[in-house]
Structures are given as C-alpha cells and as structure tokens.
Amino acid sequence: MAGGNERSMKALKEVWKRAENSLCADCGKPDPDWASSTLGVFICLSCSGIHRNIPSISKVKSLKMDYWDDAQVQFLAKHGNAVTKAMYEAYIPIYYYQPTYNDCQVLREQWIRAKYERKEFTEPGKQLPYSDGVKEGILWKRGRDNGQFLPRKFLLSEREGCLKYFTKQDAKEPKINVKIDVINATFQPEKIGNPNGLQITYLKDNKTRNIFVYHESGKEVVDWFNAIRSVQFHYLKVAFPIASDNEIKNRLTRNFLKEGYMEKTGPKQREAFKKRWFTLDHRRLMYFKDPLDAFAKGEVFVGSGENGYSVQKGLPSGTQGNFSWHYGITIVTPDREYLFTCETETDQLEWIRAFTSVINQAMTPQEYAIEAYFKFKS
C-alpha cells in the first residue's frame with residue numbers, strides 16, 4: 001500500500017511539473033498547488049475556493065496535503081490545463097474579459113462558472129446573454145447628491161451605439177444618453193462597498209463623469225460588463241475597419257492604473273496641502289474630495305517623457321505649503337510642476353512606478369488632442 005501511494009505521488013509530481021500546468025488554469029497565478037479531480041485542471045488556492053462552491057462540477061484537492069489514487073492521477077495526466085482549456089475555452093468571444101489573479105472575486109467566479117458550469121465557450125456561435133448587441137435591465141445606481149442606491153433602468157444598444165439610463169421604468173426620455181466609445185467600466189467592490197460594485201465612467205464635455213452601480217446577481221453584473229465590451233468592440237470594428245481584432249480589444253474597458261489618497265497643493269505651491277482621492281486613468285490624473293464623487297475636482301494630463309513630462313521623488317527644496325505626509329512626488333509638465341505627498345514610502349514608490357509607466361509611452365494623435373484641450377482649459 002505504501003509503495004502504491006509512493007508511486008502515485010511520483011506520477012502526480014510528473015504531471016504537476018509539466019509546463020502547461022505551471023500557471024493556474026483559471027486566473028494565471030504561478031505555481032498552483034490545487035487541482036480538480038473531475039475537470040483535470042491545476043488551480044491556485046483562491047480559485048479552488050470558487051470550484052468548491054460548484055461541487056456538482058468540480059471536486060478539488062490539495063496537491064501537497066491530500067491523497068491522490070492511481071485513477072485520479074491518470075485522469076490528471078490525460079487532461080491537464082492544456083487539454084481542458086482547449087475544451088472549455090474553445091470559442092471565447094474576443095471581447096470577453098478573461099480575469100487574472102489581480103481581479104476581484106465576482107469576475108473570477110463568473111469566469112469559472114461560465115466555463116465549467118454554463119459551458120458558454122464550448123460551441124461555436126452559441127447565443128450568449130452579452131452578445132445580442134442590446135441589453136436592458138435594472139441596476140442599483142448611487143445617487144449623485146444623496147449617496148443612496150436606487151433601482152434604475154439601463155439600456156445598452158449596439159444599433160444606437162450608446163448606453164442610457166432612466167430615472168423611472170416608464171420614462172420616455174433617458175436621464176443620460178452616452179456614446180459607447182467614451183465609456184469605461186471597471187469593477188470597484190471595495191470603493192462601492194458591494195462585492196458586485198461596478199464603476200461606469202464616461203466623458204462629458206471632455207470631463208470624466210462617474211456612475212456607481214451594482215446588481216444583487218454576480219452573473220448579471222458581469223454580463224453587463226461584457227455586454228458593454230461587446231458593443232464597444234463591434235462599434236470600433238466599424239469605426240476602424242483596418243485595425244486588427246487585438247488592437248480593438250486593447251481599446252475596450254480598462255482598469256485604472258492606480259488609485260488612492262495623496263495630498264496636493266495649489267499652483268502657487270504655497271497653499272496648504274489637502275487630502276484628495278486620486279485616480280490615474282492612463283494619462284488622466286483625476287482628484288476627488290471623496291472616492292464616490294460623480295465629478296473630479298480637477299484633472300492633470302500626464303504626457304510622455306519626449307514631450308517634457310517627468311516624475312521626481314520628493315518635493316522641490318523650499319516648498320512652503322503645510323503638509324502632514326512626508327513622502328513627496330513632483331510631476332513636471334511643460335507648463336508647471338504639480339506637488340503631491342503620500343502617507344507612506346510604499347505609496348510613494350507605487351505612484352512613481354505608475355506615473356513612470358505612462359510617461360515612458362509615446363503619445364497617440366488622440367492624446368495630443370487631449371493635451372491641447374488641457375492646455376487651452378488652463
């Protein structure tokens with residue numbers, strides 16, 4: 001018996017160390033140490049918890065702590081991540097967002113359920129709830145002024161190329177009607193205080209407007225998210241017919257590069273530093289009094305290094321404004337310097353890395369136009 005167990009463990013380790021099984025099959029996290037004995041995939045601890053919630057589909061075991069018999073090891077050897085992914089991920093729409101281990105729970109859970117439970121990607125041309133080009137339903141929306149979440153009817157239309165929402169179900173005119181190409185959507189469960197919280201942003205008069213919504217159903221809110229991406233993808237395919245599918249995919253919804261509190265001072269650099277919530281959305285650095293504000297109090301354009309933009313650690317010598325945080329950052333632009341302070345050195349270094357990643361990228365023609373607008377506004 002001991003010899004059989006030793007033989008099984010040796011065979012298990014051989015399968016486990018295959019290159020295809022070196023990343024979690026669901027989120028891509030390195031060095032997964034769990035596996036599904038019924039699906040044949042190697043997964044990380046976090047994804048194993050999601051699998052455990054669908055026991056009719058997946059039975060999970062630790063590769064280090066649990067016993068694997070010969071039949072289970074042979075099943076893993078026959079399948080593994082490559083074979084199983086080829087089966088369950090055969091026909092993923094290019095616009096569908098495939099989450100990583102850095103993404104929130106609701107995105108990862110619905111991705112796993114879509115693959116193995118609902119089998120959404122196993123057949124070509126399968127009708128999916130986010131692929132119709134139109135979606136209508138109720139989302140709970142946070143009020144701009146009172147902060148209360150109330151049910152609102154939303155309508156997404158590929159034919160009209162827009163997203164609308166209505167304050168009443170029987171309303172004939174929408175409260176907003178936003179073109180799909182200026183919309184971004186990103187999950188913000190911690191900020192919104194709901195595990196299914198979704199932040200929808202759009203440009204209005206070249207200013208960013210935030211809408212915060214959620215749905216009780218994780219599946220429904222992720223379907224809305226992917227429906228927005230689907231409509232955007234098909235809209236951009238028409239608008240940019242020579243662009244490749246991957247180029248268009250990269251222009252769909254995006255996560256913010258960095259968010260968090262910093263202190264800032266005014267243009268004279270003698271005013272007291274004030275604590276603000278900052279969001280870096282590629283080249284737009286926006287600051288808010290409260291993370292859930294509908295509109296930013298101000299925005300800073302972060303251009304490229306070749307156009308005179310840079311980020312420096314610390315504040316200029318002789319900075320006069322009073323500040324309570326002591327880890328400074330200076331953003332240098334062709335027109336002025338922006339001064340910020342962070343609470344910790346870790347925050348400071350993370351912000352500097354985020355700014356540097358933007359500054360090191362060449363600007364697109366569209367970004368030159370945005371820069372011109374910021375200069376005109378100032």
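Author: Start with a term: two strands pair if DSSP finds at least two bridges between them. Strands themselves are DSSP runs of E with at least two residues, and they are numbered from the N terminus. This is a predicted model, where local features need pLDDT of at least 70, side-chain atom pairs count only at pLDDT 80 or more, and totals for chains, interfaces and linings use all residues. Residues are numbered from 1 along each chain as its sequence is written, and side-chain values use heavy atoms, with hydrogens and water left out.

Now look at strand β12. It spans residues 274–281. Six of its eight residues are buried, where buried means under 20% relative accessible area, computed with a 1.4 Å probe on protein chains only. So the strand is mostly covered.

β12 has a partner in strand β11, residues 258–264. Seven bridges join β11 and β12, and the two run antiparallel. Find glutamate 263: its bridge partner in β12 is lysine 275.

β12 also pairs with strand β13, residues 284–288. Here five bridges join the strands, again antiparallel. Follow phenylalanine 278 across to β13, and you reach its bridge partner, tyrosine 287.

Finally, trace the chain from β12 into β13. The two strands form a hairpin, with two residues between them. Histidine 282 sits in that turn. Its phi is positive, at about 55°.

Key. Buried < 20%, exposed > 50% of the residue type's maximum accessible area, 1.4 Å probe, protein only. Helix = DSSP H or I, 4+ residues; strand = E, 2+ residues; numbered from the N terminus.
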